Structure formats: structure tokens, C-alpha cells
Amino acid sequence: MFNKIMVPVDLRHVEKMGKALSIVAELATTHDADVIFVGVTSPEPNALGHNPKEYEARLKEFASSKAAEKGYRTAAHMIVAHDPAIDLDKHLLEASKTLGTDLVVMATHLPNVADYVWASHGGHLAAHAQASVFLVRG
């Protein structure tokens, strides 16, 4: 049913993605699907790397660790954005299209008051992506 699954990850908050990562592992093994972990970073130094190459190495390491841990095929796709907070929705939508994914699995938060004013990143992706989008709370 699914061949290529995109999983947006924020490497600063991986500990909050446990449920979503479990679902990804189950879907990938059940459907023999490839999983592409997508991370967005800025060109400026940050907590995850002094430059995009260092960030990319961490993202690839994360993807490899999931492959080794759960036994499914993974890849990493890094996106460099000048302002990730502002451009995230656009870049994730473009990545889903470019990578040819047929499913996006994304961790999300419980809705709050701000979501009535600004759509969540997952909500935006679900509304605009050609792929199916599975938003995982908790």
C-alpha cells in the first residue's frame, strides 16, 4: 500500500517522537516501504551543528540508527532554509513532492488556542500534500 514514507524530524525533540517512530517502524516493515527522515536546518551554526554538513551527518546517523534498531530501509534528506520557522511548511510540502512519497508520518501536539489562528505544520501538510498524511499525537 505504501512505498515511500517521509518522516519530518526535529533532532532537538526526538524524545517526544516515540509513538510516531514506532508507527513508522510498523508501517515500514508491514509494507516493505522505504523511510526518508527529513530535517530542516538553517545555514547558521546552531545546537545541532556548526554548519549544514554537521547537521546532515547527525540526520544521517539518526536514520542509520533507526534502520539498525528496527530493521527497515532508511535515508536522510536535509533541507537548508534561511528561516526554518517561517519556511518549514513550504519546504516540507516541496520535499514530499520531490521525494515522491506516498505517506507522511509526522509527530504533532494536542491542539491549542494558537492552532485556531495559525495552522500547525502537520495541519498545513495534511491540507496541501498529495501524499496521505498521518499525524501522531503523543
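This is a predicted model: local features need pLDDT of at least 70, side-chain atom pairs count only at pLDDT 80 or more; totals for chains, interfaces and linings use all residues.
**Entry 1: a pair in the sheet**

I started with V7, which stands opposite F37 in β2. V7 made me look up the strands around it. I found that β1, residues 4–8, pairs with β2 in the parallel sense, over five bridges.

**Entry 2: the whole sheet**

Next I wanted the strand order. Reading across, I get β3-β2-β1-β4-β5, an open sheet of five strands with parallel pairing. Which are the edge strands? They are β3 and β5 (132–137), and each of them pairs on one side only. I also looked up the twist, which averages 25° from one strand to the next.

**Entry 3: helices on the sheet**

I checked what packs on the strands. Helix α1 does, touching β1, β2, β4 (103–108) and β5. The direction of α1 makes about 140° with that of β5. Helix α3, residues 84–99, packs on the sheet as well and touches β1, β2, β3 and β4. For α3 I noted an angle of about 155° with the direction of β2.

**Entry 4: helix α2**

Then I listed the buried residues of α2: P52, Y55, L59, F62, A63 and K66. They cover an arc of only 90° around the axis, so they sit on the same side of the helix. What lies over them? The cover includes α1 (18–31), β2 (34–41) and β3 (74–80). On the face turned away from that buried side I found the exposed residues K53, E61 and A68.

At the start of α2, a side-chain oxygen of N51 comes to within 3.1 Å of the backbone nitrogen of K53. Just after the helix, G71 takes a positive phi of about 80°.

**Entry 5: T41**

Last stop was T41, which has its place in strand β2. Is T41 buried or exposed? Its relative accessibility is 4%, and the cut-off for buried is under 20%, so T41 counts as buried. I looked up its neighbours next. Leaving out residues up to four places away in sequence, T41 touches N46, Y55, M78, I79, V80, A81 and P84. Y55 was already on my list of buried residues of α2. With N46 there is also a polar contact, side chain to side chain, at 3.2 Å.

Notes. Residues are numbered from 1 along each chain as its sequence is written. Side-chain values use heavy atoms; hydrogens and water are left out. Buried means under 20% relative accessible area, exposed over 50%, partly exposed in between (1.4 Å probe, protein chains only). Helices (H or I, at least four residues) and strands (E, at least two) are DSSP runs, numbered from the N terminus. The arc is that of the directions from the helix axis to the C-beta atoms. Contact means heavy atoms within 4.5 Å. A polar contact is a pair of N or O atoms within 3.5 Å; within protein, one must be able to donate a hydrogen and the other to accept it, and residues adjacent in sequence count only if both atoms are side-chain atoms. Two strands pair if DSSP finds at least two bridges between them. Axes are lines fitted to C-alpha atoms, for helices over the stretch in contact, and angles run from 0 to 180 degrees between N-to-C directions.
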